[in-house]
Amino acid sequence: MPHVRVQEAPFDAGREIAALTEGRRDVGAVATFVGLVRDLNEGDAVSRMTLEHYPGMTERALEDICAQALARWDLVDLRVVHRVGPLAPGDAIVLVAVSSAHRGEAFAACEFVMDYLKTRAPFWKKEVTPAGERWVEARESDDEAARRWSEGGTG
Amino acid sequence: MVTLLYFASLRERLDCAREQVALPAGTPTVGTLVEALRARDGRWSEAFAPGRDWRVAVNQQMAGAATPLKPGDEVAFFPPVTGG
């Protein structure tokens with residue numbers, strides 16, 4: 001059963017990976033992705049950010065994405081941790097960790113989970129720039145990245 | 001009655017996070033509900049104007065204009081998501 005968590009507190013990627021593989025002897029590969037807050041977006045300096053989510057639906061959406069990954073690739077386990085609330089440049093926002101027997105499945109599933117999370121999980125970023133606060137706009141490139149998984153492309 | 005939730009920029013634009021509304025008469029759907037919201041004053045008609053890019057979830061599952069509604073449903077409106 002994939003482990004999904006939404007929290008304000010920072011996470012420790014090492015501990016999450018250790019928890020994913022604890023007691024297992026069938027894992028040959030762990031692929032992880034960690035997303036961080038950058039100090040620049042759309043050409044403007046970003047000093048702070050707040051992440052809002054839809055409690056309940058967000059967790060369900062992440063669980064659904066993990067279930068799709070498990071159905072699509074031969075994986076051992078998955079883990080997704082996403083932060084909400086106030087964040088600053090350099091802070092980690094999201095961790096996706098995928099374990100499998102071989103690296104190919106783990107790499108592909110990790111990218112799939114991130115692409116779907118970006119376009120389907122109800123989170124919204126509001127950033128602070130020198131001009132004031134603004135909501136981050138969704139990117140067409142994220143939609144394209146998610147779409148390629150349904151076109152029989154990679155993976 | 002159904003519960004409406006608004007998130008992020010939509011919540012700010014409407015100055016409303018949550019409200020209870022009566023279902024439109026007939027066979028209510030997300031589409032007929034949005035028409036009723038659009039018939040409200042300026043902020044609402046503007047936020048739900050044709051061509052505005054918003055998403056909707058019914059009982060925490062992504063939905064569309066044709067999704068049917070029943071009493072007690074939770075209907076959430078929000079802008080395209082930007083997590084990760």
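1. A quick definition to start: a salt bridge here is a side-chain nitrogen of Lys or Arg within 4 Å of a carboxyl oxygen of Asp or Glu. By that rule, two salt bridges cross the interface of chain A and chain B. One of them joins the side chains of B:Arg11 and A:Glu52, at 2.5 Å from N to O.

2. Some housekeeping: this is a predicted model, with local features needing pLDDT of at least 70 and side-chain atom pairs counted only at pLDDT 80 or more, while totals for chains, interfaces and linings use all residues. Residues are numbered from 1 along each chain as its sequence is written, chains are lettered from A in the order in which they are written, and side-chain values use heavy atoms, with hydrogens and water left out.

3. On to the interface itself. Chain A puts 25 residues into the contact and chain B 20 residues, where contact means heavy atoms within 4.5 Å. About 1800 Å² is buried between chain A and chain B, and carbon and sulfur atoms give 56% of that. (Buried area is the accessible area, with a 1.4 Å probe, that two parts lose on being put together, summed over both.) In chain A, A:Tyr54, A:Met57 and A:Trp124 lose the most area to chain B, together 36% of what that side buries.

4. On the side of chain A that touches chain B, helix 3 gives the most, with five residues. Helices (H or I, at least four residues) and strands (E, at least two) are DSSP runs, numbered from the N terminus.

5. Have a look at A:Lys125, in strand 9 of chain A. A:Lys125 is buried yet has no salt bridge, and A:Asp142, the nearest side chain of opposite charge, is 7.3 Å away. (Buried means under 20% relative accessible area, exposed over 50%, partly exposed in between, using a 1.4 Å probe and protein chains only; Lys and Arg count as positive and Asp and Glu as negative, with His and the chain ends not counted.) A polar atom of the A:Lys125 side chain does lie 2.7 Å from the backbone oxygen of B:Gly84.

6. Finally, B:Val21 lies in strand 2 (residues 18–21) of chain B. B:Val21 counts as buried because its relative accessibility is 9%.

Conventions
A polar contact is a pair of N or O atoms within 3.5 Å; within protein, one must be able to donate a hydrogen and the other to accept it, and residues adjacent in sequence count only if both atoms are side-chain atoms.
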